[in-house]
Amino acid sequence: METLQAPTVRDMAATAPQNQADARQPRPAPRERPGAAKRVAGGLAFDKIGAIYVWAAISIIFAIWVPDRFPQLETAKQILNANALTALAALSITIPLATRVFDLSFAFTMSMAGVTAAHFVAVGSPLLIAVGAGMVVALLIGLVNAVVVVVMRIDSFIGTLATGSLIQALITMATGDTPIQDLKLGGGFSKIGQTDMGGVTLPVLYAIVVAFAVWYLLEHTATGRRLYATGFNPDAARLAGVNIERLRFVSLVVSGGLAGFAGIVLASTIQSGSPTGGSPYLLPAFAAAFLGATQLKHGRFNAWGTIIAVMLLGTGTTGLGLANAPQWAANMFVGVVLIASLAVTGIQRRASAGPRRFAWARLRRATTSATS
C-alpha cells in the first residue's frame, strides 16, 4: 500500500510563489443586479415593445383622421371582437413556428373543422358530438401534417401547403363549394361564438385563455425551453438530448387542434359552414406571429407578442375601414407589416446568434488548448 507523505519544506517553498501570485490576482467583482429604473427602462425600450408605440401612433393618426367614429369605446370593442379569431389563428401556429416549422394548412384546417361541425349540427346531431367531430378532424389533419413533415422529412413549407391543397379539394368535393346553412345553426351552436358579455363576445375570452396557455407552455415549462432550443439550433438541441422530432411532431398536432377550434368558433360566429372560411386568416395570422416575434422576446415567437401584433393590425384595418379607404388598402397594410416584421425578426435572430457563436468558439479554443 502506498503511504501518504507530508509535504516537505522544499515542496512548500516551490509552491509558495504560485500561491502568492494567485493571492495577488484580483477576484472578479460580483455582477450587480440592475436597478428597478434600469429594468423598467429596458422593458420599455423600442426594440422590446416597438409595436406598442407604433400601435399608439396609428391610434392617434386615426383619431385625428376619423375623429367622429374612431376614438370611441364601441370602436375598441369592435376591434377586439373582429380580431379575436385572427388571434386564435395566429396562436395556433405560434408553437410550431417556435420549432422552426411552418403550418400553412391551418387556414384550410379551420375551414374543414367548421364545415364538419356545421354539417353535424345541420343533420340534427347533438352539439357536443358536432363540436367533437370538428375537433377530431382537425387533430387528424395535424397528425397527417406531422407524419408528412417529421416522419417523411418533407420540408414543412411544402408539405403543409400540399396537405392544405388536399384539404381544400376534400371540402370542395363534399360541399360543392356551397356553404352549409341551416336554421339549426342559429341555436346552441351559434352561442359558441356569438355570446355577448358587455359588448365583448366569447371569442375574445377564448383568445385570452389560449394565449395564457401558450405563454405558460413556452415560458415556464421545460418543454417550452426545448421547443425554443429546437427552433434556434436543432443540431445543438439534439446533441443535448432533446428529441426534436417528437417536439415538432406534437407541435403540428397541437397546431391542428387549435386551428380546428378556431374554425368551429368561426362557423358558430357566421352561423355557416363556409368552404373557404379560414382562407382570409392565412396572411394576417402569419403577419401577427412574425410581428409578435419582434416584441418582448427578441426573435422568439411568443404568445403576448402575437396578441400585441394582432391588436396593431386590427387597429390599422379597422381604422382604414372607418376612413372609407379602398378595399386593397387593408391587404397592403398587412403585407407591408409582414415584410417589415420578417426583416426585423431576421436582424434580431442574427444579433442574438452572434454572442452564442462567439461563446461556442471561445469554448472550443479553450478545450483545444487544454487537450494539446
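**Close-up views of a predicted model**

**View 1. The largest nonpolar core.** Leu 88, Ile 93, Leu 97, Phe 106, Met 110, Phe 189 and Phe 286 touch the most other members of the largest nonpolar core, which has 79 residues. Helix H5, residues 106-122, gives the most to this core, with 11 residues. A nonpolar core is a set of buried Ala, Val, Leu, Ile, Met, Phe, Trp, Tyr and Cys residues joined through side-chain atoms within 4.5 Å. Buried means under 20% relative accessible area, exposed over 50% and partly exposed in between, with a 1.4 Å probe and protein chains only. Helices (H or I, at least four residues) and strands (E, at least two) are DSSP runs numbered from the N terminus. The model is predicted: local features need pLDDT of at least 70, side-chain atom pairs count only at pLDDT 80 or more, and totals for chains, interfaces and linings use all residues. Residues are numbered from 1 along each chain as its sequence is written, and side-chain values use heavy atoms, without hydrogens and water.

**View 2. Surroundings of Phe 106.** Beyond its neighbours within four places in sequence, Phe 106 is in contact (heavy atoms within 4.5 Å) with Ala 89, Ser 92, Ile 93, Ala 259, Tyr 281, Leu 282, Ala 285 and Phe 286. A second, separate core of 5 residues includes Ala 146, Val 149, Val 150 and Leu 252.

**View 3. Thr 116 in helix H5.** Thr 116 has a relative accessible area of 12% and is therefore buried. Not counting residues up to four places away in sequence, Thr 116 touches Ala 133, Gly 134 and Val 137.

**View 4. Ile 167 in helix H7, residues 156-175.** Ile 167 is buried, because its relative accessible area is 7%. Ser 105 is 62 residues from Ile 167 in sequence, and their C-alpha atoms are 8.2 Å apart.
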